[in-house]
Amino acid sequence: WYQRRVHGGANWEYVAERVRSLFEEKSRMSTNGQLGDQQLVTEFIEAFSYVVLDNTELVRAETPISPHVFLVAHIPEPYQTQVRDQLLKRIIHFLTIKRSTDCMRGEFFAHAEVFATLVHMDFISASGALNTINTLLGKETNRCAAFAMLGKTLELCGDSFIKKCDPTSVQRLQMILSTIKDPVFEYDLEYINESLHWVKPK
């Protein structure tokens, strides 16, 4: 149902209300207490992955992905936490795949934007997000994905993202960025420094 609705042109208020009502109905029918019923959670994650994460056409067409992620905010508990955790696990798994520095970034742009939107929604703490980004930036085989994650997060959250982070994590980010000299990341470094009003190290 979700796949058909968004492919056919989404009225997001209607989609959000429909998603909320489906989970509420499942909650009333559930006999599993706080754990809830996993079937609808799994179905939603699979549909979301098909429509958003596995759909390269969204990236090519520069279609906003955030409206899909905002649907999670309309899912009642205990399902909302389950959906968030499963979605985060799936995107982090994909973003941490080892890649060369000259890889095609389009393959993980959607995942990076979902990550950034979850940060924007405070579904991921700013400090937790930055610690993850710092860890990936420190690995050459994860650096492209890390720059995409950081760039998308700054695009959605602005410098308020950094202001919410632990100062130690911010200092670590500055230190890591200062050590990256590969010309392939020149644009990324310029974008980040300009977004955060930092002076690019000489």
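Predicted model: local features only at pLDDT ≥ 70, side-chain atom pairs only at ≥ 80, totals over all residues.
User: What is the expected span of a helix?
Analyst: The expected span of a helix is 1.5 Å times one less than its number of residues. The 12 residues of H8 should span 16 Å at 1.5 Å a residue, and its end C-alpha atoms are 16 Å apart, which agrees.

User: Which residues of H8 are buried?
Analyst: A residue counts as buried under 20% relative accessible area. In H8 the buried residues are Ala126, Ala129, Leu130, Ile133, Asn134, Leu136 and Leu137. They lie on the same side of H8, because they cover an arc of only 165° around the axis.

User: What covers the buried residues of H8?
Analyst: The cover includes helix H7 (109-120), along with H9, H10 and H11.

User: How many residues does H11 have, and what should they span?
Analyst: Helix H11 takes in residues 167-179, which makes 13 residues. At 1.5 Å a residue they should span 18 Å, and the end C-alpha atoms of H11 are 19 Å apart, which agrees.

User: Which residues of H11 are buried, and which are exposed on the other side?
Analyst: Ser169, Val170, Leu173, Ile176 and Leu177 are the buried residues of H11. Their arc around the axis is only 125°, so they are on the same side of H11. Exposed residues on the other side of H11 are Pro167, Thr168, Gln171 and Thr179. The buried residues of H11 are covered by parts that include helix H8 (126-137), helix H9 (143-157), helix H10 (160-163) and helix H12 (186-195).

User: What is found at the start of H11?
Analyst: There, aspartate 166 has a side-chain oxygen that reaches to within 3.0 Å of the backbone nitrogen of threonine 168.

User: How do I read a pair of aromatic rings?
Analyst: Two values describe such a pair: the distance of the centres and the angle of the planes. This structure holds 6 aromatic pairs. In one of them, the ring centres of phenylalanine 23 and tyrosine 79 are 5.4 Å apart and the planes are at 50°, so the pair is tilted. The pair links distant parts of the chain, with phenylalanine 23 in helix H2 (residues 12-29) and tyrosine 79 in helix H6 (residues 79-95), 56 residues apart.

User: Are phenylalanine 23 and tyrosine 79 buried or exposed?
Analyst: Phenylalanine 23 has 2% relative accessibility, so it counts as buried. Tyrosine 79 has 1% relative accessibility and therefore counts as buried.

User: Where do phenylalanine 44 and phenylalanine 48 lie?
Analyst: Both lie in helix H3 (residues 38-53), 4 residues apart, which is about one turn of the helix. Phenylalanine 44 and phenylalanine 48 form a tilted aromatic pair, 6.2 Å centre to centre and with 35° between the planes. Phenylalanine 44 and phenylalanine 48 are both buried. Ring pairs join Phe23, Phe44, Phe48 and Tyr79 into a cluster.

User: Which charged residues sit over a ring?
Analyst: Arginine 99 lies over the face of phenylalanine 94, 4.8 Å from the ring centre. Lysine 152 has its charged end over the ring of phenylalanine 109, 5.7 Å from the centre of that ring.

User: Where is asparagine 142, and is it buried or exposed?
Analyst: Asparagine 142 is in the loop between H8 and H9. Its relative accessible area is 5%, so asparagine 142 is buried. Leaving aside neighbours within four places in sequence, asparagine 142 is in contact with Leu95, Thr96, Ile97, Lys98 and Leu136.

User: Which peptide bond is cis?
Analyst: The peptide bond from glutamate 77 to proline 78 is cis, and its omega is near 5°. Proline 78 is in the loop between helix H5 (66-70) and H6.

User: Which residues other than glycine have a positive phi?
Analyst: Among them are aspartate 122, with phi near 65°, and histidine 197, with phi near 60°. Aspartate 122 is in the loop between H7 and H8. At 53% relative accessibility, aspartate 122 counts as exposed. Histidine 197 is in the segment after H12. Histidine 197 counts as exposed, at 64% relative accessibility.

Key
Residues numbered from 1 in each chain as written. Heavy atoms only, no water. Helix = DSSP H or I, 4+ residues; strand = E, 2+ residues; numbered from the N terminus. Buried < 20%, exposed > 50% of the residue type's maximum accessible area, 1.4 Å probe, protein only. Arc of directions from axis to C-beta. Contact = heavy atoms within 4.5 Å. Polar contact = N/O pair within 3.5 Å; in protein donor to acceptor, adjacent residues only side chain to side chain. Phe/Tyr/Trp six-rings, centres within 6.5 Å; stacked < 30°, edge-to-face > 60°. Lys NZ or Arg CZ within 6 Å of the ring centre and 35° of its normal.
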